[in-house]
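I opened the notebook to look up a few features of one chain. The entries follow in the order I made them.

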Amino acid sequence: MPQAVGRPLARRRGRSSRSVTRSWLATQWVLWSRMLAPLRPLDAPRGRASAWDASWPLPRELTSVRQARHLVTRQLGDWSVDDLADAVELLVSEVVTNALRHTRGPLRLNLRLCGSCLLCEVEDTESAGPVRNVVDADAEGGRGTELLDLLADAWGSSRTATGKTVWFEVRHTGLPHVR
């Protein structure tokens with residue numbers, strides 16, 4: 001006998017349409033919860049915590065640049081990769097300064113050591129990526145992307161659900177192998 005159009009499939013199994021609806025809603029709730037779970041506010045540390053991950057929220061103050069340098073230098077010392085400190089400290093200063101200057105809202109600084117690569121990220125709430133400017137030789141600013149080109153092995157910007165992440169990688173052959 002052909003099944004009537006619109007008749008729930010679950011009825012054939014002896015379940016009511018009410019339980020099918022609850023099940024569907026429960027499934028949708030779980031899926032949405034998983035999708036939104038990584039969207040931790042930027043004024044809190046990133047949720048992923050391990051011995052080789054570090055994350056700090058930064059206030060929207062000029063002193064955040066100094067604080068970011070201090071946090072990164074201390075973390076690199078804890079990870080015994082002090083020889084990267086000078087370059088990473090300069091790059092962090094540049095990326096955090098740009099985030100403070102060109103965005104609004106909270107910021108978060110993330111550091112991760114993986115294999116022979118140190119990844120640094122600055123998250124903010126602005127979706128527009130960094131802009132490369134042509135600067136004169138006597139200009140006092142505007143060389144952030146040039147510094148990233150010179151000192152970082154790779155860098156870029158990626159959009160996120162809450163804005164964007166500007167990141168850079170610094171590789172070193174002397175880094176311990178970490179996963």
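**Entry 1**

I looked up W52 and found it partly exposed, because its relative accessibility is 28%; buried means under 20% relative accessible area, exposed over 50%, and partly exposed in between, with a 1.4 Å probe and protein chains only. W79 is buried, with a relative accessible area of 6%.

I then checked ring pairs, where rings of Phe, Tyr and Trp (its six-membered ring) pair if their centres lie within 6.5 Å, and planes under 30 degrees apart count as stacked, over 60 as edge-to-face and the rest as tilted. The count by this rule is one aromatic pair. The ring centres of W52 and W79 are 6.1 Å apart and the planes stand at 45 degrees, so I noted the pair as tilted. This pair links distant parts of the chain, 27 residues apart: W52 is in the loop between α1 (17-36) and β1, and W79 is in the loop between α2 and α3.

**Entry 1: what kind of model**

I noted that this is a predicted model, in which local features need pLDDT of at least 70 and side-chain atom pairs count only at pLDDT 80 or more, while totals for chains, interfaces and linings use all residues. Residues are numbered from 1 along each chain as its sequence is written, and side-chain values use heavy atoms, with hydrogens and water left out.

**Entry 2: the chain as a whole**

I listed four helices and five strands in the chain; helices (H or I, at least four residues) and strands (E, at least two) are DSSP runs, numbered from the N terminus. Along the sequence they follow the pattern α-β-α-α-β-β-α-β-β.

The chain has 179 residues, and 32% of them are buried. It exposes about 11,500 Å², of which carbon and sulfur atoms supply 54%; accessible areas come from the Shrake-Rupley method with a 1.4 Å probe, and for residues only the protein chains shown count as cover.

I also looked at contacts, meaning heavy atoms within 4.5 Å. Among contacts between residues at least 6 apart in sequence, 61% join residues at least 24 apart.

**Entry 3: the nonpolar core**

Which residues touch the most other members of the largest nonpolar core? I found L76, V88, V92, L109, L111 and F168, out of 31 residues in that core. The elements giving it two or more residues are β1 (53-58), α2, α3 (85-102), β2 (107-114), β3 (117-124) and β5 (163-171). The largest share, eight residues, comes from α3. A nonpolar core is a set of buried Ala, Val, Leu, Ile, Met, Phe, Trp, Tyr and Cys residues joined through side-chain atoms within 4.5 Å. In soluble globular proteins, nonpolar side chains tend to be buried together.

Leaving out residues up to four places away in sequence, I found that V88 touches V72, L76, L118, F168 and V170.

I also looked up Q75, which lies in helix α2 (residues 63-78). Q75 counts as buried because its relative accessibility is 14%. With residues up to four places away in sequence not counted, Q75 touches A54, W56 and L111.

**Entry 4: salt bridges**

I counted four salt bridges, each being a side-chain nitrogen of Lys or Arg within 4 Å of a carboxyl oxygen of Asp or Glu. Are D124 and K164 buried or exposed? D124 is buried at 2% relative accessibility, and K164 is buried at 6%.

E89 and R69 also form a salt bridge, with 3.9 Å between the closest N and O atoms. E89 lies in helix α3 and R69 in helix α2, so the pair ties together parts 20 residues apart in sequence. E89 is partly exposed at 24% relative accessible area, and R69 is partly exposed at 27%.

R171 and E169 meet through their side chains in a salt bridge of 2.9 Å, N to O. R171 is partly exposed, with 45% relative accessible area, whereas E169 is buried at 18%.

L151 is in helix α4 (residues 144-151) and is partly exposed, with a relative accessible area of 33%.
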